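Please find below a short note prepared for colleagues who wish to examine this entry alongside its sequence.

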Amino acid sequence: MRRLLAPLAAGALALWFSLQPSNAQESPLPRPSDSPVADFERDVKPFIATYCLKCHVGDKAKGGLAFDKIESEADVRKYRQLAERVRAVLDSGTMPPEDPQPDDRERTAVLNWIEQRVLKVDCSAGIDPGRVTLRRLNKSEYNNTIRDLLLVDFKPADDFPSDDVGYGFDNIGDVLTLPPLLLEKYLAAAEKISETAVLAPDAEPKPIATEKGRTLASVSKTSLEFTAPAAGEYRLRARAWAMQAGDELAKMEILLDDKTIETISVEASGGQGANHDVTVKLEAGKHSFAAKFINDYYKPDDPNPNNRDRNLVVEQMQAFGPLNVLPENLPASHRALVTCRPETPDQLVSCCQKILKPFVSRAWRRPVTDEELSRLISLVEQSVAAGDSFERGLQLALQVVLVSPEFLFRLEPDSQASDSPSVRTINDWELATRLSYFLWSSLPDQELFDLAAAGTLRQGDNLSQQVRRMLKDPRSSALVENFAGQWLNLRLLKTINPDKQRFPGFDDRLRSDMEQETRLFFESVMREDRNIYDLLDSTDTFLNERLAKHYQVPDISGEEFRRVTLPNNQRGGLLGHASILTVTSNPTRTSPVKRGKWVLENIFNAPPPPPPPNVPELKDTKDQQLTGSLRQRMEQHRSNPSCAVCHTQMDTLGFGLENYDAVGGWRDKDGEFAIDASGTLPGGSAFQGPAELRQILKSRRAEFRRCLTEKLLTYALGRGLEYYDECAVNQMVRSIEGNRDTFSAVVLEIVSSDPFQKRRAKRGDEP
Amino acid sequence: MSKSFEITRRTALRGLGTALALPILEGMLPSFSQAAPASAGSAPMRLAFFYVPNGVHMQDWTPSTEGTDYALPHILEPLSGLKSDFSILTGLTQSKANANGDGPGDHARALASFLTGCQAKKTHGADIRVGVSADQIAADQIGRFTRFPSLELGCDAGAQSGNCDSGYSCAYSSNIAWKSATQPLVKENNPKSVFERLFTNGRPGESAEARSRRERNQKSVLDFVRDDAQRLRTRLGVNDQRKLDEYLGAVREIELRIAAASKPIDLTAVSGKAIPAGIPGDYGEHIRLMGDLMVLAFQTDVTRVSTFVLANEGSNKSYAFIEVPEGHHDLSHHGNDAAKHEKIKKINRFHIEQFAYVLNKLKSIPEGDGSLLDRCQIVYGSGIGDGNAHNHDNLPVILAGRGAGSLTPGRHIRYENGTPLNNLYLSLLERMGVQAEHMGDSTGRLTNLA
């Protein structure tokens, strides 16, 4: 006797749709506040007695939950998480598991009571800023941080394992774990980074050309052709051994550009090659390096089988160089970092200080302490004492800095004073760091660090000026890549493989064009500080020739993307983007359910309740063949009322997008069936086709404003939003509306909000 | 005068910067023999788990009769040449994958509970928690005998965005191995990275001197940062400390590995093998390549424990290359449509073909007086029975290998439906010489395996 309907959830959804359009009063998340609230003594206590106490009673209560101990409303309020769980199981019909079952009125009354009396948040007590679990740099943050810290141009984190996702994003502290595999990668990356950023004079030069050698069984040679990138000294290396015979060692002539420059007796034998190096001065350009076997010996009749045949085995030929790098050829990272070089041993410490103090403070995003600095310097000293060059010692210090938890984690440690307040405002260094990782997915730049050092980041309108500057900076493309890419599920596009037979026009190039359109569009809203509702409806978009053809937009030629004014109302805003339409489709057909769910989750942050457990299989309909268009077949499916209650709403949104096929192409027919893209949303808004649906969605200003704010806040904080965040969000959406709903208004509200500016310092209530 | 000389082997090895290719020396075996006291013979026992998502079409998976004389059902036909090397275990159940009051989310729970036997805490992210997985129980106790305590393989990366399953963090539906109740071990999906990690303990063309300096430096780096982390720890709250403990645990593990690196490892099997170029475009090739690496890792004894997730749970991968262009997950909700059943069977059989490839490979490698497969215990299965019903009882489970003589494969064994899958793990762990008395809802060890 499971109850499959979820009246409250379905009701909330219906209510959400029936909320008044944009010009009405701003309202928080929909709550069934209109209905009269039940009374604990009158309604709830009898409910518990009738439906719960059969199992949840006494010392052996099911699930360890004894409801007979509940005496008052206050008792329930003490256990918020438990109340949330009770609400969920009541709502989904999981509880009570068997008869007697409450009727819908009783159930709704208790659910309302839980909502209104137990779970409703009291914002008058001030805002709880929450407590972010320390965040490890994720892959893109690591790449960007290294790029901006050391000016090296490679992406060491591309080889790291993928970061897990929570709350829809991959920058959530609680979910970012650090397995041994990742620390291995950090160690290897730190080695490579330090060696690339700082050039050590005693480094083994990298080979510029390598060739497999040959076994030379008679007088003959093997050679390596290579190009010297610049004039200078080069090292030529032949790794060789010999099968020895006769009374002399095998001899190898080294030839450079066909001239013999050295003759070497090869002592190695028995399969173990040894390196034979020659250092030469070369002009830039092509050269030939050869190894020649010159003293063949062959006596097949020799009584000693080991003395019959002399051969030279050249295993490998390599060229290295140029060996001496002139100062002006040092990499930019080296010149920026290595600002001094100790001429005498007593200059070592002061030079290290000069280099490391600013560097470590940037890498760790706070002033390095003297003690930390001296530990690092002693590492350089040890390295130099062991015979390494100064640069090698520096490389080692760099490695430590980059593998340290101070670099890998974004730390916001608590004050150690026992009388510290329960909420603290984070310091300017921490704030600069939160800002830069929010907007740039990277460390603060010098300007932010300078403000932090001066303690003036919050002074005057410094903060809003910085935010505006940062949004205009090219580094804010990280916000497009990482926030929009995840919020809109763009990153999933590369895992979607539309059926080639049905969609022959879809290929990897079109796939990346689709992504690019959405990226550029979001970027334009961000950089031009447009109105956030442009995301839902807009007369412009970004196309190249291929995507324009896909959209049947004429007169666009060439690979490069450009801003295009759309010629008709088939598209406009995110919901007309092929990227999003493809991500929400199955490989062979569209999925109105997925599209509807996507809209609810990502445009209104009102995800539909999950399907009830144990949905009955659709056996009933098995014998009667479903016929007609996809829409008609789905509607036949939904004749099952337990599905219809939620699906009517989800699917209606999806049906409104049926003019777009599974790769986002426009269509008027699906096979033989004409597309019916009309619908009526709960609350009575009717539409004909995607353009009208867009208008309706766009008019739900309050919901979209709140949705974008909540998604962006989750991303900015790196934690899921908790019930108490509602108070902060309420304040924020009010101000955003007052600031005309520009993109920067949303960002500015977030960075000046309590959850972003402060931190709960108390440790007590952590699990 | 003409002599053939195979230079490739040696140059390949040099190129990898490995230790020298030593011939197989019996004298090297003692370091193994102390590892697995429960196993007979000189070579160690290996343990591996293969996972496939979305359940299988059970009607064409479960043989109609029991014992040795059963007919191989359609999906399992690719294993026909190996019939005496594996058993089909019917009736096993992972009850912690059931909702048990947590509502929907069967896919996330299926993978999260498959090896842990624990109920996953329903959360989008804060405070993820399930339990230590069977492979990690083994790795914790016998991992110190090998360079890597365990190997986590997969073909999919973790999820890239979005919500994975009804309120469960994506960590649950993409990770099978859990080092602690709160720390999943991410899978490696790039064959190139796996190869380099396992077998190239250095850099191409690096001199011995440079390598030893790097190792010395790594030790100094780890010493230094361990001290930093310990000092830092005292200034953090509980959740932050947990993250730092992961860091410290990783530091310790790598320190042990560096210390153990001086022990000789016989890499003969690896010589001449080309380093994989990256992730192949062909899914079957990807699975086989990862399988090859697992086999190599076992053969060279760089690890004895491995997991391999063929696709993340709930995967909606298209199998167009076997004429199944629809998404796997969508298909698995087949509504008893016969055409969909056929397609699901194709997918199931495709996975089994790849599994057969790996088993054949293990079988082709002699070890002691038998094959490498004889010294393995390999579980293949899914945490969902039928994809449409989302049930977690009567799971599809294969147990391959002879467990060094402690298993008698070649049978279809039917257990009473509801028998805890965790009982199987306890039995396998016992054979590995690993102490484990309880896991999740285990009621003892599984009978009738010997």
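1. The structure is a predicted model. Every remark below should be read with that in mind.

2. The contact between the chains. Chain A contributes 74 residues to the contact, and chain B contributes 72 residues. On chain A, the elements that each supply at least two residues to the side touching chain B are helix H4 (80–92), helix H7 (180–197), strand E2 (207–212), strand E11 (309–320), H11, helix H12 (405–408) and helix H16 (477–487). With six residues, H7(A) gives the most to this side. By residue class, the side of chain A that touches chain B comprises 32 nonpolar, 22 polar and 20 charged residues.

3. Helix H11 of chain A. This helix covers residues 390–403, 14 residues in total. From first C-alpha to last, H11 of chain A reaches 20 Å, close to the 20 Å expected at 1.5 Å a residue. Because 14 of its 14 residues are buried, H11(A) is largely enclosed by the rest of the structure. H11 of chain A is also among the elements that supply at least two residues to the side touching chain B.

4. Domains of chain A. The domain assignment gives domain 1 (32–119), domain 2 (133–205 + 328–411) and domain 3 (207–322). Between the C-alpha centres of domain 1 and domain 3 of chain A the distance is 86 Å.

5. Nonpolar cores. The largest nonpolar core has 248 residues. Those with the most contacts inside this core are A:Ala397, A:Val400, B:Phe50, B:Ala138, B:Met294 and B:Leu429. Leaving aside residues up to four places away in sequence, B:Phe50 touches B:Phe308, B:Leu310, B:Phe355, B:Ile378, B:Val379 and B:Tyr380. A second, separate core of 26 residues includes A:Phe289, A:Phe293, A:Met317 and A:Ala319.

6. Chain B as a whole. Chain B contains 12 helices and 13 strands. Of its 450 residues, 55% are buried. Among contacts in chain B between residues at least 6 apart in sequence, 71% join residues at least 24 apart.

7. A hairpin in chain A. Strand E6 (residues 250–256) and strand E7 (residues 259–266) of chain A pair in the antiparallel sense over seven bridges. In this pairing, A:Leu256 stands opposite A:Lys259 of E7(A). The hairpin formed by E6(A) and E7(A) has two residues between the strands. In the turn, A:Asp257 has a positive phi of about 50°.

Notes
Residues are numbered from 1 along each chain as its sequence is written. Chains are lettered from A and ligands numbered from 1 in the order in which they are written. This is a predicted model: local features need pLDDT of at least 70, side-chain atom pairs count only at pLDDT 80 or more; totals for chains, interfaces and linings use all residues. Helices (H or I, at least four residues) and strands (E, at least two) are DSSP runs, numbered from the N terminus. The expected span of a helix is 1.5 Å times one less than its number of residues. A residue is buried if 20 or more other C-beta atoms lie within 10 Å of its own, exposed if 12 or fewer, and partly exposed in between; C-beta atoms are placed from the backbone. Two residues are in contact if their C-beta atoms, placed from the backbone, lie within 7 Å. Ala, Val, Leu, Ile, Met, Phe, Trp, Tyr, Cys and Pro count as nonpolar, Asp, Glu, Lys and Arg as charged, and the others, Gly among them, as polar. Domain bounds come from an automatic or database domain assignment. A nonpolar core is a set of buried Ala, Val, Leu, Ile, Met, Phe, Trp, Tyr and Cys residues joined through C-beta atoms within 7 Å. Two strands pair if DSSP finds at least two bridges between them.
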